[in-house]
Structures are given as structure tokens and as C-alpha cells.
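Visitor: I would like to go through this model by its computed geometry. Please show it.

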Amino acid sequence: MEDNIVEEIKTLETEVKEFANSQPYWAKYLYSEILAGNEITDAIIDTSYSYLLEKLALKEETDKPELSISYNPNASDDFKENLSFVSLLNVEGVNALTENQTIELTPNLTIIYGANGAGKSGYVRLLKNVFYSKDKGDILQNINIVSGHKPISAIFNFSADGTNILLKYPDNAGNGIFNQFAVFDGDIGKKHLSVRNDFSFRPAGLQLFNEFNAALEKLNTKLLSDIQTKSTANPFADDDIFQGESEIKTFLTQLSHNSKLEELKAHLPYTDEEKVKKTQLDKQHDDLKVALAQKDKALKELQSIKTQLAARKKNLETLNSWFTQIRLGTVISAINDCKTKEDSAQKEGIEKFKTDKVQNIGSTEWKQFIQAAENFASTQGESEYPKIGDNCLLCHQSISDDTPKNLISSYWAYIKSVAEQEAKIANEKLTKIKEDYEKLNFNQFLETDTLTVWLKEKYEADLTKLEKELKKQATISQALISNINTKKDLSQVETQLDISALDTISKEVDEEIKAFEEDEQTKKLAELLKQKMYLAHKEKLEARYTDIERLNKNLIWVNKANQFNKQSFKSQSTNTEKRLSKEYFNTDYINAFNDECEKLNGKFGIEIDAKSSDAQSNRQLFLKGKDPSAILSEGEQKVIALADFIAETNITTINKGVIFDDPVNSLDEERKSIIAERLVSVSNNKQVVIFTHDLVFVSNLINYATDNSLLHECHWIENRNGKPGQVWLKNSPTHEKVYRNAEPVRKFYSDANKDECAPAQREFLLKSGFTALRTCYEVLVINDLFKNVVQRYNERVSVDSLSSVYFDETLINDLLDSFAQCCRYMEGHTHSDKYAYKKPEPSNLNEEIQRYEAIRSKIRKSKKA
């Protein structure tokens, strides 16, 4: 008994799923909604926010549904190494496709030809939904019937190491085998164009992280809004409610989320006895206060001087900080930096917009003019200015072509350029420095100021010295402002105020205050004040306790809410995206892409900028620094899209087959041949299935496969009698075997010659018969007269076959005349005057059939002289 060993292969999908499952519930919920393809509505944000509040213990925990991360319903670990897609069977419920059809596939190349409307698109839509595709679309049921629709289903027959594996879709959609095949069609090529028409490739799944970060911002905004609502100021810390000091006031001033409210509540209740006591204390305090009024006045004056000294010292220390050598050097550096960056920006403007018609390009006035013009342009309407048809803002003339439009757009781009922005930032920085120096107040000792009067009376020498030093700093400040205005890097010498005298004066004031406070009556007054203030605060506490309790709860809520670290989750998301992007779309991809471009003759100089920013991976394609879509043709763009698709599927060992739907639309014959050769080459290593309606492309594929002795088959899909999707195995239109004799024409003749055939129907059958006979003549010329030297739908010429070609002028004239006779009756054919149109009769068609057989016989019997 053989053990089935299933190799666990990590894919982008499995890693994304693993990451999402590792997140906390609120984040996992968001990831699950994004991965399900749902729009992240306000309702989803609200639900996630509720789960977040539970996580932060800000809301009571609730029973939550189990989340299932289903990034890709096809994700599975049961990949097979030697795997091939054998056949597609029993397709039902897909568009209007005919049922009970089979498409057999070779291990290498399978071509499926069908004209437009034959049913190819129905099969491709099915394959895009079953296999890996960047452009999965809905599968529509048969719109031609009202009811009786069958469920969408199909049987996929695979072979792995000689074992057949039958999988039914959608029942087995989760099987990993389906992820080992990929589909490319015309719409997928559009996925490589960004909204700016830049080519970009964003790997499936990596956009998840960008969308999560966007949702995270909304979630965080909602949380911050609630934090702001609950972050009310503490009104009890001010003197408006609790005037004075007490242990109650101290507690309220320091109120925080860590405060133990039971300690505050221990001060309650406020009793009747305490009310009486408060009245007594008020009287005792007031009586003693009157007695000490004069003494108190002197003490208050000293306390006021002390406060003013401390404040003035702080002001002077601040002034000193602006005149240190380091700070002065910073000003010089800022001036030099601004000059350098303005020169750089001006040079860039001169070089980019240099002209003899306008002077002073790149100057400050010129830039201000451009900036003002852009600001004015933004007021002209909702759409972006300028565009073709807009009027010039100065001359009011209509902008009728791209030249003025592009010039104006270049102006807008220039004022937003790196050099200009850097110069602007440097100038703003310098302006800010100048404004800071202009705001400095050197008039610290006004003549009428209480402190100035007091110092002049008691410490005049110290005051005079400080005023002199302040004037010196003021002079340096004016010099700095002037240097900034003129952008001169003139150095200044550090100048500091000597404020040590203020410290000496402050100590002397403290000693005088101490002498007043050590008086016994003063101490008693302070004690009475303390007691009566405590009782007053206790009375107010009882009245305001409910409000204080509410404030404390809000503080606790805000603290818990602030534990949420948005940046941590954003960084985790962004870093995971970067890692996955590097792991799955790295240098191997770039090398493979360049290799494919070379093989597809698509070396257009495309450069790939692979990077990841803000949880969004992207690969931007540039052509000499410009948008490729503005330079490359539609066909060249398709080549780039094909190169990207083939490169992506080739750098993984998981992929075992690729399916293409009309990959050569809008391409010239040379491109078709190059792509055909490359796809045939790809089929050497994996299965290639190609749906196409292009006969030349079919012929190229068959010829390249034949030249390389590569196993290949061509099947034909038709829409017969309004029933699309009928598959004719091993059948190719390029061989035209059916027209190598007159049998198709005889069928038209037979049907038209029946008695029951109506005149209009007879005429239609006869015209169709002559059309078929005309094709028989064309095939006769190619196969018999020219001996296949030149074949239809094939650009090759078989020179060796020329030895078998024989021309007889009489025979050729007979053939030309018979061919012209057919043209007389052909449906939709333009007739010359020589062969005027007349309604055909069955006898006419029969006569031409006989002539065709006679000419065919003569050509086959003819030999080279």
C-alpha cells in the first residue's frame, strides 16, 4: 500500500490566511470582511469598533460568532507535481453552451478555434472562475430561457503520476489542483494599467493590507472621537469651585485613572456638628485677620516680589537660550541652507522653462506668479485645470491643443517639485526663526513695573547691569533679523545675561518672609484657615461627589482606550505585506519578466520599480522615466501584459498549465508569429491551451508545433442552429478539406432543386452554393494549381513544390471564366458590368458544378512539359 505524501506548500493565500487568523478578534473580523470582498461600510466599522472596546475592557464581553477566513475558496495544500489537465466534460449551466460536450487536451499544446459567438467565451469564463485568474467574472446562465436553468457544473479530468483524478466544479472547488492552472484573457491585460495609465501589477492578496490600514484609520478616528468626548477638563482642580487648599483639594487636583475614589469618599458625610463648627471657625479667623492686617500687607508684598523675581528670572533664562553660540550657529546654518536650496530651485526652473521670450525665469517673483496662477486655477471649477477646451486665465483664449496645456501642467508640477518644496520648507524655517527673534521681549524692566520700582529702590546697581546687558542682546537680535532678511551669513558672538544677582536677592527676600511667618499669631491664623477651608471643601464635596465620580470613570475609560496602539497594528500589517511582496515577487520575477520581453521581441526599455509602501505592494513599469501607455502602442502594451503573465506563472513550480483567450487581438502578423512561437516553446514545459478566432494565429501555432515535433491538437467550437459551444475534436479550419471537392456545393443544389423549396429559399440556397463553389475554386488554385507552394493562413512559401507547378493558359482562362460566373450569383458580391447580376436557377448551379469538375480533372491530369 503506497503512502500518499502531500507536500505542504506555502502560498501567498495560505500565508495571508495564517496572518489573519493570528489577529485579535476585532482585527480578524475586518480581515475576514475584506477577504470576502465586502465593502467596508460604516456598519462594519461600528461592529469592529464594538469588538475593539470589548478587547480594551471598555465594554462588557459578548458572545461572538466564530470567524472563518476564506481568502480563496480554492486554496488547498494538495498540489501535484506531475499533473496534467486531460479533458473538460459535461459542462452545464454556463451561458447557453451546448451540453454533453468534451474538450480533450494534450500534455503540450491544445488549440481551440471558434469564430466570434461560437461559445469560446463561455468556456473561458468557466475556466477563469475555476482556475487562478486576476479577472474572475460572473458566470451567466442561459438568458434565452426564462426557467429550467441548471446549476453551474463541470467535470475536470486530471492525471497525476498515471492516476486519473476527476474533480467536479463547484463541489471540489477547494481542491488545490485548480490553483495549479492560470488563465489570461484580454481583460487581464487591462489590469496592468493603473488609473494614471501607468503599468502596474499588484499581486492578489497584498492589497488586503492596504485596505486593512484604511479601515484601521477609520476605527482609530472613531476611538479618538470618543476619547476627545470623554477627555473633559477637570473643573475641580481650579479655584472656581474649591477655593484654597485642603487634602480634599489636593486629591481632586491630582485626580486620575489611578485615583482610589474610596479615599475621597471617606471624607463624607458632612455632618450638622461640622456645619456649626465651620461657623465658629469663620468668626475666629476673621477677627484675627483684622488684627494682623498691616503685618499681612507687608508679608503679601514680599511674597509678590518673590513670585515676580522667579518669573523674571525665567524670562531672562529664556532670552539667554536664544543667544548661545550653538543657537547663533543654527541661524547661520539655516541662512546657508535656504540660500543653497533657493539657488537649486531657481536653476531647475531656468533649465526647465528657459526661453528668450520671458526674463527672470526661476526668480522669486516668477515663482510667486506661478503659485498665484495655480491657486486661482483651483477656483475655476470642479474638474482639474487645464484641459483641452479650457480658457487661458490671462488672455481668455481657448486651449485647443496639448502644447499650452502641457506647459501649464508643467508649471504646476514644477512648483510641487522636490527642489522647490525643499526651498520653500527652508525659507519657512528661516522665516520662523526670524519671527521667533522678533517676538523676543527685551524690555523686561518697565519703569512703572512693581518689581522694577522695588529693585531700583533696593538693588539699583544690579538692575542697571541687567538693563545694559538686555540692550546688547536686543542689538544682536536686530542684526540677526537683518541678516535673515538679506540672507547674509554674518556670525555673532554669544552674549549671556548675568542673572546670579537675582538668586542672591531672592534668598534675602526668603529670609524676610520667614521672619514674618514664624510669628505665633500668624501661625494660628494659618491653622484656623486650614480648618475652615477643609470644612468648606467637605461641604462642596458632598454636593459634587456624583460629578466627580463620573469624571473619574471617564478618566479610567480614556486611559484604557489610550492603550490601543494603532501604529503597532499598522506596522505589523505593513511589514507583513513587505515580507510577502519580497518573498513572492522578488528579483526572480524581474529577471523572468525581462527574459519574456526579450523572447516576445518586447525589449522596449521597460524598467520595473518593485516596492511596497503603506502596506501596498506595486510594480511600476517605466519607459525612460515616462508612462509607457503614452508611448507604447496597444499591441506593445499587450506584449508587456503577456510577458508579465508568463513570467509570473513560470517562476513558480506550482503552476502546471496556462490558458489563453485570444492573446493576439489587435496585433499585426509579425507579432502573432512571435507570440505563437513563444507559446509553443512554453508548451514544452507545461500545458498550454489557446482559445482563438484568428486563423493566421492558428496556422502559426500548428506550423511551429510541427517544426518542433511537439504534440498538438486543434479543436473547433461552433454555434450551430443557435446552439453555441459545440465541440468538434481534432478539427481545424485552416486545412479546408471540405472544399477540396464539390460535395458541399451539390448539397446546396440538391436542397434548392426540391419541389417544396420556396422561391426565396431557393434563391438563398443557390447563392450560398455559388459562394461555396467560389471557395472550392480558391482551394483548387492553392492545392492543385500551385501545389501548395503558397498556403492560405500561412506566411511560408514551399519553394520545393515549385517543381510540380504547371500552367496552361487555356486552362487558366477557363478557370478564371468559371470563377467569374460564380461571382455573378454570389450573395453580397460586387459585380462588374461584364457580368451583370441575374437571379440564379438550379440549372445554372448544376452547370457550374460540371464545369468545376471538368477543370479540376484537367488540372490533376496536367503534367509539366
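Visitor: What percentage of the 865 residues of the protein chain count as buried?

Guide: This is a predicted model, in which local features need pLDDT of at least 70 and side-chain atom pairs count only at pLDDT 80 or more, while totals for chains, interfaces and linings use all residues. Residues are numbered from 1 along each chain as its sequence is written, and side-chain values use heavy atoms, with hydrogens and water left out. Buried means under 20% relative accessible area, exposed over 50%, and partly exposed in between (1.4 Å probe, protein chains only). By that cut-off, the buried share of the 865 residues is 45%.

Visitor: How many helices and strands does the protein chain have?

Guide: Both are DSSP runs numbered from the N terminus: helices are H or I with at least four residues, strands are E with at least two. The count for the protein chain is 27 helices and 13 strands.

Visitor: Which elements give two or more residues to the lining of the largest cavity?

Guide: A cavity is a set of points on a 1 Å grid over the protein atoms alone where a 1.4 Å probe fits but cannot get out, and lining residues have an atom within 4 Å of a point. Grid points are joined across faces, edges and corners, and the volume is the space filled by probe spheres set on the points; the largest cavity has about 50 Å³. Its lining includes Phe-85, Leu-88, Val-689 and Phe-691. The elements that give two or more residues to this lining are β1 (83–92) and β11 (687–692).

Visitor: Which residue lies 70 residues from Asn-157 in sequence and 5.1 Å away in space, C-alpha to C-alpha?

Guide: Asn-157 is found in strand β4 (residues 153–160) and is buried, with a relative accessible area of 11%. Leaving aside residues up to four places away in sequence, its contacts (heavy atoms within 4.5 Å) include Ser-84, Phe-85 and Asn-164. The residue at 70 positions and 5.1 Å, C-alpha to C-alpha, is Ser-87.

Visitor: Why do the buried residues of α15 line one face of the helix?

Guide: The buried residues of helix α15 (residues 450–458) are Leu-451, Thr-452, Trp-454 and Leu-455. The arc is taken from the directions from the helix axis to the C-beta atoms. Seen down the axis of α15, the buried residues line one face because they fall within an arc of 165 degrees.

Visitor: Which exposed residues does the face of α15 turned away from its buried side carry?

Guide: The buried residues of α15 pack against α10 (293–321), α16 (460–486) and α17 (500–517). The face turned away from that buried side carries the exposed residues Thr-450, Lys-456 and Glu-457.

Visitor: Is Asn-95 buried or exposed?

Guide: Asn-95 is found in the loop between β1 and β2 (102–104). Its phi is positive, about 50 degrees, although it is not a glycine. With a relative accessible area of 17%, Asn-95 is buried.

Visitor: Which residue does a cis peptide bond join to Leu-268?

Guide: The residue sits in the loop between α8 (261–265) and α9. Omega of the cis bond is about 5 degrees, and the partner of Leu-268 is Pro-269.

Terms used
1 Å grid on protein atoms, 1.4 Å probe; cavity = no way out; pocket = protein on both sides within 12 Å on 5 of 7 lines; lining within 4 Å.
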